[in-house]
Amino acid sequence: MKKTLLTVALAAAAGFGASAASADTLDNVKQKGFVQCGVNNGLAGFGSQDSAGNWAGLDVDFCKAVAAAVFGDATKVKYTPLSAKDRFPALQSGEVDLLARNTTWTISRDTQLGFNFRPINYYDGQGFMVKKSLGVKSALELSGAAVCVQTGTTTELNLADYFKSNKMEYKPVVFEKQEEVDAAYDAGRCDVYTTDQSGLYAIRLTLKQPDEHEILPEIISKEPLGPAVRQGDDKWFDIVSFTHYAMVTAEEFGITQANLDEMLKSENPDIKRFLGEEAESTIGKDLGLDNKWAYNVIKAVGNYGESFERNVGQGSPLKIARGLNNLWSKGGLQYAPPIR
Amino acid sequence: MADNTNTSLQFVRRELVAAQKPPSQEIGLLAWARKNLFGSIFDSVLTILALLTLLWILPGLIDWLFIDAIWRGTDRTFCATVAQGGIQPDGWSGACWAFVADKFQLYMFGSYPVDERWRPMLVFVIFAATLAPLLMPRVPYKVPNAIAALVVMPVISFFLLHGGVFGLSVVETSLWGGLLVTLIISYVGIVVSLPVGILLALGRRSEMGIIRMLCVAFIELIRGVPLITVLFLASFMLPLFLPPGTSIDKFLRAVIGVSMFASAYMAEVIRGGLQAIPKGQFEGADSLGLSYWQKMGLIVMPQAIKLVIPGIVNTFIGMFKDTSLVSIISMYDLLGIVRSSFADANWVSAVTPLTGLIFAGFVFWLFCFSMSRYSNFIERHLDTGHKR
C-alpha cells in the first residue's frame with residue numbers, strides 16, 4: 001500500500017515536473033551558468049567528498065564532463081548529494097538538471113517515473129557476500145539465510161525475485177543507510193550481504209576480517225548504471241548521452257588527457273572531426289554546443305578508461321577490474337555510436 | 001548563691017572542650033563508601049555488580065579509544081590491518097583519530113571554499129564574543145548586548161558567510177556544511193522560537209476567538225506532522241507548485257521549517273508555565289490597573305518562564321539534535337557530513353565509521369551538556385523560594 005501511494009505521488013510529481021521544470025534544460029543551464037548535478041551522498045569511487053570538500057568519483061567525473069561540454073569549463077557544476085530515496089523526486093522537481101548517481105536503468109524508471117536513460121557508465125550486477133565459515137559455495141544454498149540489504153534500491157527487489165524463483169526462503173534485514181548495513185553484517189546480524197558487486201568489493205575492505213568473507217560467483221541481476229534526465233527534453237538528453245560516448249570514443253581513438261593537444265595535429269579525419277578540427281563540421285553546433293565540446297570533455301576528465309582507473313580501478317583503493325566495462329573491442333560492453 | 005565560685009560543686013568546666021574529630025568510622029572515604037555504596041545487602045550487591053561491569057567495559061574502551069588508537073596518518077593504510085590492505089597487525093582494532101583530524105575542517109565548515117574559511121571562523125568568534133557576556137548574569141549592559149547578539153550578530157554573520165557585499169565573494173548556502181550549519185540552524189531556531197512561542201502561548205489563552213483559533217491551528221498542525229515530512233515537502237515538493245524560475249533558498253526553507261517547529265513546541269511549554277500561575281496573580285495585576293501587556297510582561301511571564309526553564313531547555317536541546325534531520329534534504333549538518341565522509345575511498349576502513357560517529361556524538365554531547373548545565377545555573381540563580 002505504502003509503495004502504491006509512493007508510486008502515485010511520484011507519478012503525479014512527474015506530471016507536474018514536466019510543466020514546472022522548464023522544458024529547455026540546456027537554455028536553463030546556460031542561463032544559470034552551471035550544471036546542477038545529483039550525485040551519491042557517499043559511495044566510494046562513484047561520488048564522495050575528499051578532506052578539502054571537493055567531490056570525486058566516476059559519476060562526479062561525468063558531471064564535470066557535461067559541464068565541460070556545455071561551458072568548456074569543468075568547474076561550472078554544482079553537486080546535490082542525494083540518498084537512494086530522494087534522488088527521483090529531486091530530478092522530477094527540477095532540483096537537479098542531471099542525475100549521475102549510480103542509478104540502474106529499468107523500464108519502470110524510464111516510463112512510470114518519466115526519465116530518460118541511454119549511456120551506461122558502469123555495468124554492474126548484484127552479488128552476494130557470505131562468511132566462509134558457513135561453507136556456502138553457491139547462492140542456491142542460501143535457503144533460510146538472513147540477508148542484509150539496503151532499502152529503496154533495485155537490489156531489494158531483485159533479492160525477493162531471486163529467492164522466489166528458486167523457491168527458497170530468506171529473512172530480509174533491511175536498513176536505509178549503507179553503513180548501517182555494513183555494521184549489521186560485520187556484527188553478524190545476518191549471514192549474507194547483497195548489493196552490487198562493485199560495492200561488495202569495497203565493503204569487504206572495511207570488514208574486521210576480510211579473509212573470512214567471500215563473494216559468491218552468482219550475479220543475479222543486470223545493473224546498468226547510468227545518468228538519467230527528465231523525459232521530454234531531447235536536446236539535453238543528447239548532450240548528456242554524447243558526453244559519455246565522447247569519453248568512450250576518445251578511449252577507442254587512444255586520446256588521453258596527456259596526449260590530447262598532440263592529437264589535435266592528427267591527420268586521421270575521424271579524430272579531427274571528433275576534436276572539432278574539421279572546418280565544415282557542425283557536430284558541436286547541432287548539439288547546441290561549441291565545436292570543441294569533445295576536446296573540452298577530454299581535457300577536463302580524460303577518456304572513459306582514465307576516469308574508470310582513477311576512481312574505481314587500479315588507481316584507487318577499490319581496484320575493480322575493467323571486466324564488462326572494458327571497450328567492446330577488448331571484451332567489454334562499452335560501445336559508442338560513431339561521432340560523425 | 002551570689003558568688004558562683006564558692007559553690008560546693010565538684011567540677012565546673014570553665015572553658016570549651018576542644019572540638020574532637022568524629023569517630024574514625026564515620027569519616028573519610030571508607031565511611032562514605034559504607035554509607036553510600038554498602039548501606040544494605042541490596043546496595044552492596046548493586047555496587048559490586050556495577051564495579052564488575054565497569055571493570056569489564058572500561059579497559060577495552062580506553063584501549064580502543066586511546067591506547068590502540070591511531071593519531072597520525074594520511075590515508076586508509078594507517079587504520080587498516082594487513083589483511084585489509086593496511087599496515088596494522090591482523091586483529092588490530094582501535095579508533096582512527098587520524099581520520100577525524102584529516103576531516104576536521106570538513107566537519108566544521110562543510111564544502112565552504114578553503115580560501116574563504118576565515119569567514120566562518122570569524123563568525124564563530126563574533127558568536128562567542130556576543131553570546132558569552134549575555135549569558136553571564138554579572139556582566140552589565142544587558143540590553144545593548146542582547147541587541148548585538150540577537151539582531152546585529154545574525155545580520156553580520158549572514159553577510160559574512162554569504163558574501164556578495166564589501167567585495168566578498170558569494171558563497172552559496174549549498175556549500176555550507178558541518179558544525180556551521182548545525183549551529184546556524186539551531187541558533188536561529190532558538191532565537192526565533194522563544195518569542196514566537198510566547199506569543200503563540202498567549203494567543204492560545206487569549207479571549208479573542210480568531211487569534212485563539214489561529215494559534216491553536218498553527219500549533220496543532222505543526223505538532224501533528226513529523227519534522228522530516230515538513231523538510232521533505234519544503235525541499236522537493238515546493239518547487240513543483242511555485243511558478244518556474246522562483247526559488248527560495250533551500251537553506252532558508254530548512255531554517256524556517258525548524259524554527260516553526262520549535263516555536264510550536266515552545267508555545268506548549270510556555271502555556272504549561274502559564275497554567276501554573278495562580279489566578280490571584282492575574283487578578284492582582286488587574287486590580288493594580290495594569291494593561292494586558294504590562295500584566296503579562298511584569299507579573300505573569302517572569303514567573304511562568306522561570307517555572308518552565310527545564311522544559312524550555314529540553315526543547316532547545318531536542319531542536320539542536322533535530323537539526324541532523326536536514327540531511328534528508330541534501331544539506332549536510334555535522335552528522336550528515338561525518339556520515340558522508342565515510343565514503344572517501346582514501347579512508348575506507350573498518351574503524352573509520354565508528355570513530356567518526358563517536359566524534360560526532362561527542363560534539364553533540366558537548367553542546368547539549370553545556371546547555372543543560374547552563375540551565376541548571378540559571379535555575380539556581382533565579383531561585384526565589386520554590387526550591388524543594
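I started with Arg13(B), which counts as partly exposed at 46% relative accessibility. For the classes I use these cut-offs: buried is under 20% relative accessible area, exposed is over 50%, and partly exposed is in between, with a 1.4 Å probe and protein chains only.

Two notes on the source. The model is predicted, so local features need pLDDT of at least 70, side-chain atom pairs count only at pLDDT 80 or more, and totals for chains, interfaces and linings use all residues. Residues are numbered from 1 along each chain as its sequence is written, chains are lettered from A and ligands numbered from 1 in the order in which they are written, and side-chain values use heavy atoms, with hydrogens and water left out.

**Entry 1: salt bridges**

I looked up what Arg13(B) does with its side chain: it meets Glu15(B) in a salt bridge, 3.8 Å from N to O. The term means a side-chain nitrogen of Lys or Arg within 4 Å of a carboxyl oxygen of Asp or Glu.

Next I took Lys137(A), which forms a salt bridge with Glu214(A), with the closest N and O atoms 3.0 Å apart. Lys137(A) sits in the loop between β8 (126-131) and β9 (145-150) of chain A and Glu214(A) in strand β12 (residues 213-215) of chain A, so the pair ties together parts 77 residues apart in sequence. Helices (H or I, at least four residues) and strands (E, at least two) are DSSP runs, numbered from the N terminus. I checked both partners: Lys137(A) is exposed at 55% relative accessibility, whereas Glu214(A) is buried, with a relative accessible area of 19%.

Which residue does Arg322(A) pair with in a salt bridge? The partner is Glu251(A), and the closest N and O atoms are 3.1 Å apart. This pair also links distant parts of the chain, with Arg322(A) in the segment after α14 (304-311) of chain A and Glu251(A) in helix α9 (residues 234-253) of chain A, 71 residues apart. Arg322(A) is buried at 12% relative accessible area, and Glu251(A) is buried at 14%.

In chain B I noted a network of salt bridges that links Arg204(B), Glu220(B), Arg223(B), Glu268(B) and Arg271(B).

**Entry 2: two packed helices in chain B**

Two packed helices are described by the angle between their axes and the distance between the axes. I looked at helix α5 (residues 142-162) and helix α6 (residues 179-204) of chain B, which pack at an angle of about 150° with their axes 12 Å apart. Axes are lines fitted to C-alpha atoms, for helices over the stretch in contact, and angles run from 0 to 180 degrees between N-to-C directions.

Are α5(B) and α6(B) roughly parallel or roughly antiparallel? They are roughly antiparallel, a class for angles over 145 degrees, while under 35 is roughly parallel, 65 to 115 roughly perpendicular and the rest oblique.

For the residues that meet, I wrote down Ala149(B), Leu150(B), Met153(B), Pro154(B) and Leu161(B) in α5(B), against Leu180(B), Ile184(B), Tyr187(B) and Val191(B) in α6(B). Contact means heavy atoms within 4.5 Å.

Asn145(B) also has its place in helix α5 of chain B, and it is buried at 12% relative accessibility. Leaving out residues up to four places away in sequence, I find that Asn145(B) touches Thr130(B), Pro133(B) and Leu134(B).

**Entry 3: an enclosed helix**

Six of the eight residues of helix α13 (residues 334-341) of chain B are buried, so I note this helix as largely enclosed by the rest of the structure. The buried residues are Leu334(B), Gly336(B), Ile337(B), Val338(B), Ser340(B) and Ser341(B). Their cover includes β2 (48-49) of chain A together with α3 (97-109), α6 and α14 (352-382) of chain B.

**Entry 4: positive phi**

I found that Lys319(A) has a positive phi of about 50° although it is not a glycine. Lys319(A) lies in the segment after α14 of chain A and is partly exposed, with a relative accessible area of 47%. Tyr141(B), also not a glycine, has a positive phi near 60°. Tyr141(B) is in the loop between α4 (118-135) and α5 of chain B and is exposed at 67% relative accessibility.

**Entry 5: the UniProt record**

I looked up the unreviewed entry for chain A, where UniProt places "domain: Solute-binding protein family 3/N-terminal" at residues 34-263. UniProt positions are in the numbering used here, feature names are shortened, and annotations may be inferred rather than shown by experiment. In the model, the end C-alpha atoms of residues 34-263 of chain A lie 29 Å apart, and the span is 35% helix and 27% strand.

For chain B, UniProt (unreviewed entry) lists several stretches as "transmembrane region", including residues 37-58 and 175-202. I computed nothing further for the others. Residues 37-58 of chain B are 82% helix and 0% strand, with end C-alpha atoms 20 Å apart. Residues 175-202 of chain B are 86% helix and 0% strand, with end C-alpha atoms 39 Å apart.
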